[in-house]
Amino acid sequence: CIRDSPRSAQAAFQIGAVSEKLSCPSEAVAAYRKSLRQQKNYVPALNNLAWLLATTTEADLRAPAEALELAELAARETGFESAAILDTLATAQFAAGDKAAAIATLKRAIPLAAAAKQSAFSAELSKKLMNYQGSSTQ
């Protein structure tokens, strides 16, 4: 995994993203946290950290409540107008046990993705919506 001491939020974020791709989630979490210490509301780091904390299979890293806080902040920072950020928010809401909110958020994200001509992403979100609607539990 990557070990470095980046001096900017963007550089720390990139280290986090690469660490995540290399299946080094604890290093990714540390890098995303460093990015946020360097730039408090850096949306890419908020989003990626929220996603990782909501979806990781590593029990010691999984933190749905924190993921939800981070995803809500990222969504506010983008005016709730980014389908990708809303996808993360829905994922965090679902991971935190708020299925109804996750469904409502996805219903908001799907037309945003479609309007941005992201048809494959819109279809992916629609599939996730159907899965959430059909699930009785997480």
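The protein chain has 7 helices and 0 strands, where helices (H or I, at least four residues) and strands (E, at least two) are DSSP runs numbered from the N terminus. This is a predicted model, in which local features need pLDDT of at least 70, side-chain atom pairs count only at pLDDT 80 or more, and totals for chains, interfaces and linings use all residues. Residues are numbered from 1 along each chain as its sequence is written, and side-chain values use heavy atoms, leaving out hydrogens and water.

**Overall shape**
- For 138 residues, a compact globule would have a radius of gyration near 14 Å, and the 15 Å of the protein chain agrees with that; this radius is taken over C-alpha atoms, and the globule rule is 2.2 Å times the number of residues to the power 0.38.
- Along the principal axes, the C-alpha atoms fill a box of roughly 45 × 30 × 25 Å.

**Inside the fold**
- Buried residues make up 46% of the 138 residues (buried means under 20% relative accessible area, with a 1.4 Å probe and protein chains only).
- The largest nonpolar core has 42 residues, of which Y32, L36, L49, L53, L70 and L125 touch the most other members; such a core is a set of buried Ala, Val, Leu, Ile, Met, Phe, Trp, Tyr and Cys residues joined through side-chain atoms within 4.5 Å.
- At least two residues of this core come from each of α1 (9-21), α2 (25-38), α3 (43-55), α4 (64-77), α5 (83-95), α6 (99-115) and α7 (119-134).

**A closer look at L36**
- Leaving aside neighbours within four places in sequence, L36 is in contact (heavy atoms within 4.5 Å) with Y42, A45, L46, L49 and L70.

Definitions and conventions:
Buried < 20%, exposed > 50% of the residue type's maximum accessible area, 1.4 Å probe, protein only.
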